[in-house]
Amino acid sequence: MAKRDYYEVLGISKGASESEIKKAYRKLAIQYHPDKNPDDASAEAKFKEAAEAYEVLSDAQKKARYDQYGHAGMGGAAGGGFGGGGMNMDDIFSQFGDIFGGAFGGGGGFGGRGRGGSGQRVFKGSNLRVRVKLTLEEIATGVTKKLKIKRLVPADDLRFSTCNTCGGRGQVNRVTNTILGQMQTASTCPTCGGLGKTLENRPAGTDEHGMTRKEEVVEVKIPAGVGEGMQLKVAGKGNSGPMDGVNGDLIVVIEELAHEFLQRDGQNLHYDLYISLPDAVLGTKVDVPTVSGKARIKLDEGTQSGKILRLRSKGLPSVDSYGTGDLMVHINVWTPKDISSKYRKMFEEMQSESEFNPKPEKGDKSFFDRVKEMFS
């Protein structure tokens, strides 16, 4: 069966804002959440479908690729590594468990939930998010960062016992009589809050699940070519799940620092080079900054303002290893605003000389042509 359009799945338009996309997903995720629809295969499929749509549309780069090519442009990108239709509940809760807020246990230091081999519920700790600031030089080569984080972990020597109320299931059943007969409904166990276990001892300074915050240093390897807003996942470095649950993940959000001279455009970099009128007329050699140091370029005699020089492979690498961008050097001839009477007289004499009259040739490219060539 062909996949539905992601915008149709979430019930939003293509122009929806980031907050509207998140709000639409949260509404569907809560509506079709497995805790609200136990043993309902249809609801589970819709829950997964909504998660896949949100995973793509909440990521600026994936959204742009999807808007241009549709599902064909996603390849293996949809599902953030858990493969669209092949995604499982643990992956969804790991990736988006913290989007539910207080609903379904998402706000109490733990997010997703599944079932272990014994049939008891296993809770996954919520994700942690940190922002990492990177320079263009670090982005060009890749870098390893040591991040100091505070995560929820279980205190030492905790002791648990199976909940007597629900028998470890995390849910209690209630039978009510109706005109149509008896009806059975399931609800979260009021004693253990759905955990299936109760805490026998609670050390001082811990929360109701025996969890405490611990400061740790996590080493994160950031690949070359990352960009503003990209997210990297460090598995298992988020908050621990309560009652011997599994750890959430650490989500590292990339923040790109502005460079003093260079401007980024995807993999390409741009630099504005200002030269004097004599250098433009006579030609010269100048050094321009790059992410790896400096590069010397030669300017020919009669260099025109607006000329763009392309330095191949002096840009940034692709995070997908699809080559390296270029450095575009934009030539600007600097015209002095204040000159002495000596040079004023000299320029006044030049005004009458035909040699200094503009004589663009047919082969000379306009500004529009240069811009079009740069992006071709």
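Start with the open sheet. It has 4 strands, in the order β12-β13-β17-β16, and the pairing is mixed. Which strands sit at the edges? They are β12, residues 263-265, and β16, residues 308-311. Each of these two pairs on one side only. From one strand to the next, the twist averages 30°. Keep in mind that this is a predicted model.

Now look inside that sheet. Strand β13 covers residues 268-276, and strand β17 covers residues 327-334. The two run parallel, and 8 bridges join them. Take L273 as an example: its bridge partner in β17 is I331.

Next, the aromatic rings. How many aromatic pairs does a search of the whole structure find? The number is 4. I'll show two of them.

The pair Y6 and Y66 is tilted. The ring centres are 4.6 Å apart, with 35° between the planes. Y6 belongs to helix α1, residues 6-10, and Y66 to helix α4, residues 60-69. So this pair links distant parts of the chain, 60 residues apart. Are these tyrosines buried or exposed? Y6 counts as buried, at 2% relative accessibility. Y66 is buried too, with a relative accessible area of 4%. The cut-off for buried is under 20%. Ring pairs also bring in Y7: Y6, Y7 and Y66 are linked into a cluster.

The pair Y25 and Y54 is stacked. Here the centres are 4.5 Å apart and the planes 10° apart. Y25 lies in helix α2, residues 18-31, and Y54 in helix α3, residues 41-57, so the pair ties together parts that are 29 residues apart in sequence. Y25 counts as buried, at 0% relative accessibility. Y54 counts as buried as well, at 11%.

Last topic: N239. Where does N239 lie? In the loop between β10, residues 231-234, and β11, residues 250-256. N239 is a buried loop residue. Its relative accessible area is 3%. What does its side chain reach? A polar atom of that side chain lies 2.7 Å from the backbone nitrogen of L152. For one more reference point, take K214. N239 and K214 are 25 residues apart in sequence, and their C-alpha atoms are 9.8 Å apart in space.

That's my tour. Questions, please.

Notes: Residues are numbered from 1 along each chain as its sequence is written. This is a predicted model: local features need pLDDT of at least 70, side-chain atom pairs count only at pLDDT 80 or more; totals for chains, interfaces and linings use all residues. Side-chain values use heavy atoms; hydrogens and water are left out. Rings of Phe, Tyr and Trp (its six-membered ring) pair if their centres lie within 6.5 Å; planes under 30 degrees apart count as stacked, over 60 as edge-to-face and the rest as tilted. Buried means under 20% relative accessible area, exposed over 50%, partly exposed in between (1.4 Å probe, protein chains only). Two strands pair if DSSP finds at least two bridges between them. Axes are lines fitted to C-alpha atoms, for helices over the stretch in contact, and angles run from 0 to 180 degrees between N-to-C directions. A polar contact is a pair of N or O atoms within 3.5 Å; within protein, one must be able to donate a hydrogen and the other to accept it, and residues adjacent in sequence count only if both atoms are side-chain atoms.
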